[in-house]
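Hi,

Here is the structure I promised to pass on. Have a look, and my notes follow below.

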Amino acid sequence: METRINKFKSIVPKVGLLVALAAGTLLQSCNSSGKGEDANIKESAVAADAATAVYVAPGKHDELYSFLSGGFNGQVAVYGIPSGRLLKVIPVFSQFAENGYGYNEETRPMLMTSHGFVPWDDLHHPKLSRANGTTDGRWLFVNGNNTPRVARVDLTTFETVEMMEIPNSAGNHCSPYPTNNNEYVIAGTRFSVPLDMKGGTGDASLSEYKDKFRGSISFIKVDKEHGDMELDFQVLVPGFDYDLANGGKGPSGDWVFFTTYNSEKSGTLKELGASQNDRDYLAAINWKLAAQYAAEGKAHEMPANYYHNKMDHGTHRVNSTVKKKVRYLLPEECPGMMYLIPAPKSPHGIDVDPSGEYMVVNGKLASSLPVFSFTKMQKAIQNKDFDGEVNGIPVFKYESVLHAEVKEPGLGPLHTEFDGKGNAYSTMFVSSEVVKWSLEDFKVKDRIPVYYSPGHLMIPGGDTKEPYGKYLIAMNKVTKDRYLPTGPELLHSAQLIDISGDKMKLLLDFPTLAEPHYAQGIAANKIAPNSVKFFKLDQNKHPQAVKNEKDVSVTRQGRTVKVNMTSIRSHFTPDNIEGVQVGDTVIFHVTNLEQDWDVPHGFAIMGNNNAETLIMPGSTQSLRWVPKQEGVFPFYCTDFCSALHQEMQGYVRVSKRGSNVPIKFSTGVKKPAPPATAYIGK
Amino acid sequence: MKAYHKGLMVLAALSPGLLFLFPMWKIYLKAPQYPEGLELHIWVNKLAGSSESVLQNFNILNHYIGMAPIHAESFAELKIMPYIVVFLVVLGLVAAFLGKRKLVLGWVILLMAGGAVGLVDFYLWLHEFGTNLNPQAPIKVPNMTYIPPMLGRKQLLNFEALSLPAWGSLGVLLGVLFSCLAYYLSSRPKAA
């Protein structure tokens, strides 16, 4: 009897859960079939609905990839949506001891700049590459804010493959914005600086801000096939702060819009100094015309000094080249290329709706959201409806380009995206909410609190002409009590919101790494099928690669010892090395001979003033080590690769400087070849 | 033999040619950490599989139990068999054109004998790999052998092995079938 009761007890909650799940499914199907007959039922079912809406069963895949910038961690975090599962961390501007990025010889050059090796940056905005105005899932462009750089992540490998330093820029915040077919990726400076006209900042008195400081907007050309970047030209612009940008689409596809602040040109205590004017500007640049001017010889050229770092496909090594000049345009010499639209003071986001007609300016200190019309802007250009000019750049009359103002949207509007169904969603930093409003009557339709103080939000494709208007992610700056406390430093929080119905519904709350400033989302099927499983060993062109265990070597060249070795389950070849001396520079070139999915081998050696390196199947990576004392130093595989992973280790004997111990290396005592040699090349 | 008998025999003769288009046999391996599975395809002239590196991956797994690495070069059969198949095809065609029933009968016996020898050879290799284990192997399970199944399913430690004939073998079967049919049908009395 006792057991029966227990059985009953254990079944009841399961039945309950099933009923809840079934109800959730039913309600979902109601949602999708019609506009929901009974709003009350929906409201009361939010909890069950939310759980089923984000539940991705074990072993099943998410509907979407999302790429959240990491801000001050210099990385991109990849989350599955709707589950909120962390899928990957992609190191871009920061060294990543976890896999040796920025530590091993292959990737260190990626972080080289004209300032030397810069192991960190502040990564703000990820932007997916585009084809025909929609995301194509090939690359992700991201900006380094602190030491101006734009990087490209290859979405077949989820690796940083290219980095372009931006000259004449400081605080590459207004970046990187791809045009509708990746013709250009555009990067604007946040801090204007005095330009020395040699590609750097000049030595000027800080009191000379108004006269000497200038901003720049860079136009990086992107190779259609391979994505390779090239800084084509820059536009030197008035010395404001350039905050964010977004490209037009459809009718406005030739244009890019930038928000500016500090049109006061204040050089100190900008908190106040940059907040005096009632209006700052929205800058509009016709990029097609700019490219034409540059091509037609309107461009000047100045000497410069900036790095372009690119991973070679075959060798998987990064090569740096130093660029020595840059072309630039002056707006005053290029009529019709650039205009200024007065905007509420100190605006943050500028967002263009999917049709390309409306430009929404998020004035964080303003009480309304102005919506400008591209058609009106075209008319104003025709009618020369200007209100003076700044540095030779015509300024429109506010009213002549304004289409509507969204009244009382909330406090501190920062950023807006669109659902493709006629609605816009704006984050309100100060009132801590997301506000939904209509692009038809420009009235607020719904609001939902978020936790707390959202910066940006993201609707997958919400910045393109084809939004995937089902989900919205709010990325918040303040976390406080949302999760179990972890001391003074907390992860930031994000909320996943269902925007498929009339009312927004909170589905999920999840912590995010460092500080996401923006994100991108894309249907999984645009990326997943192209994901590389491993690198083909016979395509490995690394000059130090060893493709057969018989060909391993240890060679001394002066005070450098080169170890060309291999790893395969579950041994290194060689695993006994002698003849190294104190003070030698030892470089281990390790080739992972595996040709199977998910079999990385790591390599680390005791006392190394360096990280480990994690070598993917088929690739070669090199780790530098300078032993400082005599002894025997174990090395081992750091990634649990197999049942005999713990046995995957070896020793390096380090003798005193000038010792007569000869270079010697081996694996296995009796048999020269270990039991399972790779068949490759046999 | 009438024309259609000859036609049947031509079909019979060409059928073993399928061995050049499809593998003879497939061995499937599945384990918890190999959800995608590993497939070894045995062709008349080569070893292949579900991916280019399938042999390397088989060998890596097998070396823990001390199984000798599998290399295509170790099998003289892979060099000889294609000639035997071509020979059988040509012989079958000759039998068809000559239209001699005895030749047809001889051919089908030869083909079946060839198939039988192939199967025995296959079994012997499986036995050799499964039992001739390196005594220094890291993983030793007392009294355990690892003879893969020749036909059907077998659990070998964490791997579930499944072994099945593939389309290439069907070619041999069809050859036997068509030639037997040709032989049988052509035996009818003329004035029936």
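Is Pro634(A) buried, exposed or partly exposed? Pro634(A) is partly exposed, with 13 other C-beta atoms within 10 Å (20 or more would be buried, 12 or fewer exposed, in between partly exposed, with C-beta atoms placed from the backbone). Pro634(A) sits in strand β44, residues 631–636 of chain A (helices are DSSP runs of H or I with at least four residues, strands runs of E with at least two, numbered from the N terminus). Leaving out residues up to four places away in sequence, Pro634(A) touches Met606(A), Gln649(A) and Tyr651(A) (contact: C-beta atoms, placed from the backbone, within 7 Å).

Before going on, a word on the basis: this is a predicted model, where local features need pLDDT of at least 70 and side-chain atom pairs count only at pLDDT 80 or more, while totals for chains, interfaces and linings use all residues. Residues are numbered from 1 along each chain as its sequence is written, and chains are lettered from A and ligands numbered from 1 in the order written.

Now strand β40 (residues 585–592) of chain A: 6 of its 8 residues are buried, so the rest of the structure largely encloses it. β40(A) runs parallel to β37(A), residues 560–568, with 8 bridges (pairing takes at least two DSSP bridges), and Val561(A) stands opposite Val586(A). With β43(A), residues 620–625, β40(A) is antiparallel, through 6 bridges; there Phe588(A) has Leu623(A) as its bridge partner.

Cheers

Conventions
Two residues are in contact if their C-beta atoms, placed from the backbone, lie within 7 Å.
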